[in-house]
Every structure is written in C-alpha cells, then in structure tokens.
Amino acid sequence: MSIATEIAKRRTFAIISHPDAGKTTLTEKLLLYGGAVQLAGSVTARKNQRATTSDWMELEKKRGISISSTVLQFDYDGYRINLLDTPGHKDFSEDTYRVLTAVDSVVMVIDSAKGIEPQTRKLFEVCRQRGVPIFTFMNKCDRPMKNPLELLDELERVLGIGAFPVNWPIGDGADFRGVYDRQTRRMHLFERTVGGQFRAPVSVGGVEDPAVRGQLDDRTFDKTVEELQMLEHAGEVFDDAAVLAGLSTPVFFGSASNNFGVQLLLDGFLKHSPPPKPRVMAGTEISPENPSFSGFIFKIQANMDPKHRDRIAFIRVCSGKFERDMTVHHSRSEKKVRLSSSHKIFGNERETVDEAYPGDVIGLVGHNSFGIGDTLTDDPGILYKEIPRFTPEAFSYLHNPNTAKYKQFRQGLDQLLQEGVIQALYLRNSAIKTPLLAAVGPLQFEVVQFRLESEYGAESRLEAAPWTVVRWLPTDITEDALDALSLPTGSRIAYDIGKNPVVLFQNEWSANYFSETNKGMALSALPVQTARE
Ligand SMILES: Nc1nc2c(ncn2[C@@H]2O[C@H](COP(=O)(O)OP(=O)(O)OP(=O)(O)O)[C@@H](O)[C@H]2O)c(=O)[nH]1
Ligand SMILES: [Mg+2]
C-alpha cells in the first residue's frame with residue numbers, strides 16, 4: 001500500500017473534558033468496536049482489575065480519577081485509530097496539553113447535567129488556538145440533563161463555537177428513549193440492559209412513525225417534535241469546512257456507560273474527522289507524505305507494566321515511514337540512534353510493531369536519553385517544537401526519611417523528573433540538599449510519593465514550602481548580578497534542573513514588587529529550555 005493510502009486511513013484523536021464527564025468510560029466503549037472487547041476493561045483498571053494492572057493504575061483506582069493519559073491503537077471499519085484518553089483534573093493538565101500536540105482532532109465529552117465546566121473550557125481554548133477540529137459528545141443522557149437546546153446554546157455562548165446537532169435526544173433521565181439521527185432520519189431506541197448493549201436501530205421516516213410513536217408518552221413526543229422543528233427551522237447545514245477549521249462542532253448525544261450513541265459518534269467522527277495534516281516547523285510545512293521519517297516524543301512513562309520495569313517514550317509519527325531497526329537522528333543528543341524496540345500500545349499492553357505511518361503513536365523502549373519534546377528523524381533539518389511548557393504553582397520539599405534507601409529514592413525521582421511529572425528546584429546558597437519539587441498542582445506530589453514507594457520501594461515525606469509563584473531570571477545573569485538583586489521578604493533564588501536561576505515568591509504581589517525594585521530585570525513565567533553549563 002502506498003504511504004498516501006496509509007495516511008488517509010489514520011485517525012488520531014484525544015478525548016478531553018472536565019473530570020468525571022465520562023472520558024475513560026467512553027474510551028472503553030469505543031474499544032468494543034475495535035474488536036478489543038476482551039481488553040476494553042484494561043483501560044479502566046479501577047473498574048475491572050486485571051492481573052497486569054500497573055501500580056499507577058492502582059492509584060487511579062484508589063482515587064477514581066485518571067492521573068495520566070492512555071494510548072490505544074485499534075482498527076475499525078478500514079481505519080487505523082490512535083486514541084488517547086486524557087486525565088481531566090487540572091493538576092494533571094500538563095500531560096493532557098502534551099497529548100493535544102500529538103493529535104489531529106478531539107472528542108470533547110460533556111456531562112449533560114452539568115454543561116460546560118471550567119476545565120473543559122480551558123482545554124477547548126487550547127484546541128481552538130491550535131485549530132484542532134472538535135467533536136462533542138453530550139454524555140449521561142440516561143440521567144436528568146439540561147435542556148438540549150440550552151446545551152447547544154452554551155457551546156455557542158460560553159465557548160463561542162457553532163454547534164450542529166447530528167442527533168437529538170428523546171427524553172432524558174428515566175424517560176430517556178433514544179436519539180434521533182437528523183441526517184438519516186432514523187430513530188435509535190434506547191433500552192436499558194445490563195452490560196450496556198444496545199438495540200438495533202429502528203428505521204423510520206420520522207418520529208411520527210407509529211412504531212416509534214408508541215414508545216413515547218405525549219409530553220416527550222410533543223417536546224421532541226417541537227425541538228426538531230426548531231432545529232430544522234434554524235436551517236443550519238452540516239458544514240465540513242467549518243468543522244475542520246474548528247469553527248463548528250458536530251454534536252452527538254448518548255450515554256457512554258450504557259454504550260448508547262457510541263457507535264453513532266464513532267461513525268460520524270470517522271466520516272468527518274481529518275487524517276494527519278502537515279506540521280508547521282519554523283514557518284515551513286512538513287507534509288506527512290514527506291519521504292523522510294520524522295516524529296516527536298510527547299510523553300514518557302516508566303513502569304507501566306510491573307512485568308517489564310522499563311521506560312516507554314511515546315512518539316507521534318509526523319512524516320514518512322517508520323521501520324523497526326531504522327537508525328535516526330535524535331535532536332537532543334545530536335546523535336544517531338537505532339530504534340529496535342518499537343511497540344504498538346494498547347493501554348498497558350504492548351506488541352512489537354515493525355512499521356508505522358504518520359498519525360501513529362508508537363512506544364519506544366530502551367532509550368534513556370530520550371526526553372519529552374525530542375525529534376527523531378531521517379532528516380536532521382527537521383526539528384519540531386511542539387511541547388508547551390507550564391508554570392508550576394505548587395511547591396513542596398521532598399524528604400528521604402530512610403538514608404539506606406537513598407539510591408532508590410534518587411533513581412525514582414530522576415525518572416519522574418524525566419517524565420515531566422514534576423520539576424525540581426535547588427535553593428541557592430543553601431546547605432540543605434532536599435529537593436524542592438514544583439508542579440502544576442499538588443496532586444502530582446501525591447503521584448510522586450505513591451510511585452516512589454510502589455515502583456522504587458522508596459519512602460518519602462512532603463514538607464510544605466512557603467512559595468506559590470516562580471519566575472525564571474535571564475539565563476545569562478552572572479552570580480554577582482544575582483547577589484545584587486533586591487529580594488522581597490520571604491523570596492529566594494533557586495536553580496532549576498538545567499541550572500537556570502529562578503526566583504521563588506510568596507505571592508503574585510511579591511513578584512510584582514520585585515519587578516518594581518529591580519528595574520530592567522526581565523522575569524519569565526515559563527520555564528526556560530536551555531541548560532546552563
Ligand atoms: N449515569 C451515567 N454515568 C456515567 C456515564 N458515563 C460515565 N458515567 C460515570 O461517570 C463517572 C466518571 O466516569 P469516567 O469515565 O471515569 O470519567 P473521566 O472523564 O474519565 O474522569 P477523569 O479521567 O478523572 O477526568 C463514573 O462513575 C462512570 O461510571 C453515563 O453515560 N451515564
Ligand atoms: Mg478518565
């Protein structure tokens with residue numbers, strides 16, 4: 001098969017939303033269509049515990065939330081689908097944002113009882129900035145929900161995106177009867193069954209068909225007919241170009257936990273979502289058909305499978321063809337590396353993969369020098385700069401209470417630093433060698449402690465640190481200039497892992513005061529990327 005054919009059948013997307021809207025549940029149900037029924041449960045380890053359940057999934061199970069993104073690849077209806085389930089909690093949003101750099105479209109899940117929630121809104125903004133097409137799934141229709149017209153209105157009002165309902169819910173909560181497909185004019189009846197099976201669609205000319213009419217009480221019927229007429233009257237048509245430009249979102253209603261409306265979503269998504277697009281690099285476009293292989297690492301995770309205590313670097317292929325055992329240029333080390341251990345990933349399961357094409361996400365094992373954001377390519381002229389950086393807002397010391405286990409403690413911490421779970425800072429002129437951890441949110445500290453203990457057998461103790469704001473100083477600042485800075489009370493100078501100087505402030509006010517008293521000293525809220533010698 002030609003590379004163009006391979007590219008055309010790839011669909012790479014992320015599922016995003018506020019915590020608890022049902023992303024992981026939806027992911028699991030989508031897998032049923034990829035013939036992955038027996039494995040579907042491995043995504044939600046907290047629901048179906050499997051023998052291979054890894055430790056970090058153990059933590060997810062305990063807390064009932066996703067703490068890290070999951071990669072799944074499967075085939076459906078002639079497509080090769082790369083699906084990424086993301087965590088909704090804002091403390092883990094760095095991982096989610098990195099995933100968004102690796103996908104070509106997203107499915108935004110909304111809890112129909114709650115509407116647009118804050119985290120959904122933030123993630124949406126990132127997608128809009130990147131021009132990523134968005135498909136919307138209004139979930140939990142089996143529970144009392146907001147008026148569907150109001151939900152559409154929220155999309156338009158709160159997010160400022162046009163909304164086109166592809167299907168429409170009939171009733172809700174205990175009275176939820178199914179969805180009406182506005183394009184095929186077919187009604188899909190919902191039946192509550194254990195295990196979330198669904199009944200085959202009933203084909204009708206319209207809701208007035210007696211077979212369907214008989215299923216609905218007068219109130220539900222009247223309401224549905226009225227709503228559908230209103231939608232028709234609005235006269236909006238499905239606009240593919242607007243969807244691809246991220247200006248309009250196709251909306252599907254359903255219930256993930258009941259596996260209802262999931263196939264309609266999947267089929268509608270595949271029909272309208274884009275295959276891999278060219279990537280822009282320093283103003284030039286790298287087309288997926290470019291004969292040179294290229295891709296970038298957007299995620300690193302160790303110890304996913306307790307049976308193989310190793311480290312996987314996830315790469316999104318952007319151009320050319322990947323072949324196992326190929327030798328490529330690694331941007332960070334500027335060295336040639338041979339990629340011999342490549343895997344197709346399915347949750348925490350893996351399988352050797354011999355070739356991959358643009359759009360594919362594959363896992364590379366056994367390269368400790370790989371870092372998040374690195375480019376791997378045949379053509380050293382290609383360098384992707386896709387990975388966003390975040391400002392930490394939570395700070396805490398991490399003590400090692402057991403000196404006999406220092407090695408394990410250090411090894412585990414270094415791994416977690418490489419995964420980008422947290423950053424480490426070291427106070428200047430300090431005798432204390434305890435690492436000061438910095439993270440986007442405090443739940444990450446809990447993840448660090450849990451993983452240190454379960455994966456490295458190292459205990460740790462957290463101690464609150466008094467800062468809430470960090471700012472990077474110019475990298476070329478001299479030690480004398482650092483001595484000369486006038487620091488507000490309670491502020492400290494520290495170094496990041498690349499030995500770049502930063503200032504820690506107790507609050508925003510103190511950071512502003514510093515800028516006033518140290519005129520001309522530029523502070524950056526984003527971590528600088530260069531490492532000082
Ligand atoms: N009633 C009902 N409950 C649902 C539905 N879909 C998901 N849930 C429940 O909602 C809860 C959250 O589901 P998850 O799939 O874990 O949510 P999530 O979006 O992955 O959450 P995070 O990953 O933590 O952001 C679980 O208890 C699900 O069983 C649905 O269609 N109807
Ligand atoms: Mg989840």
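Glu236 is found in the loop that runs between helix 9, residues 218-234, and helix 10, residues 240-244. In this predicted model, Glu236 counts as partly exposed, at 42% relative accessibility. On the surface, Glu236 gathers with Glu156, Asp239 and Asp240 in a patch of negative charge.

Glu232 pairs with Arg182, and the closest N and O atoms are 3.6 Å apart. Glu232 lies in helix 9, whereas Arg182 sits in the loop between strand 8 (178-181) and strand 9 (186-189), so this pair ties together parts that are 50 residues apart in sequence. The two partners fall into separate accessibility classes: Arg182 counts as buried at 10% relative accessibility, while Glu232 is partly exposed, with a relative accessible area of 42%.

A search of the whole structure finds 27 salt bridges, and I shall discuss two others.

I turn now to the metal site. Which residues coordinate the magnesium ion, ligand 2? The ion is held by Thr24, through OG1, and by Ser66, through OG, at 1.9 to 2.1 Å. Thr24 lies in helix 2 (residues 23-32) and Ser66 in the loop between helix 4 (55-63) and strand 2 (70-76), so these two residues tie together parts that are 42 residues apart in sequence. Are the two residues buried or exposed? Thr24 counts as buried, at 5% relative accessibility, and Ser66 is buried as well, with a relative accessible area of 12%.

Burial is also the theme for helix 11, residues 262-272. This helix is mostly covered, with 8 of its 11 residues buried. Those buried residues are Val262, Leu264, Leu265, Leu266, Gly268, Phe269, Leu270 and His272.

Finally, some remarks on backbone geometry. Asp77 is not a glycine, yet its phi is positive, at about 50°. Asp77 lies in the loop between strand 2 and strand 3 (79-85), and at 60% relative accessibility Asp77 counts as exposed. Asn429 likewise has a positive phi, near 50°, in a residue other than glycine. Its position is the loop between strand 24 (423-427) and strand 25 (436-439). At 69% relative accessibility, Asn429 counts as exposed.

Key
Residues are numbered from 1 along each chain as its sequence is written. Chains are lettered from A and ligands numbered from 1 in the order in which they are written. This is a predicted model: local features need pLDDT of at least 70, side-chain atom pairs count only at pLDDT 80 or more; totals for chains, interfaces and linings use all residues. Side-chain values use heavy atoms; hydrogens and water are left out. Donors are N, O and S atoms within 2.8 Å of the metal (3.2 Å for Na, K and Ca); water is not among the atoms, so sites may look incomplete. Helices (H or I, at least four residues) and strands (E, at least two) are DSSP runs, numbered from the N terminus. Buried means under 20% relative accessible area, exposed over 50%, partly exposed in between (1.4 Å probe, protein chains only). Patches are made of residues with over 30% relative accessible area and no salt bridge: like charges are joined within 9 Å, nonpolar side chains (Val, Leu, Ile, Met, Phe, Trp, Tyr) within 5 Å. Accessible areas come from the Shrake-Rupley method with a 1.4 Å probe; for residues, only the protein chains shown count as cover. A salt bridge is a side-chain nitrogen of Lys or Arg within 4 Å of a carboxyl oxygen of Asp or Glu. Lys and Arg count as positive and Asp and Glu as negative; His and the chain ends are not counted. The place of a charge is taken as NZ of Lys, CZ of Arg, CG of Asp or CD of Glu.
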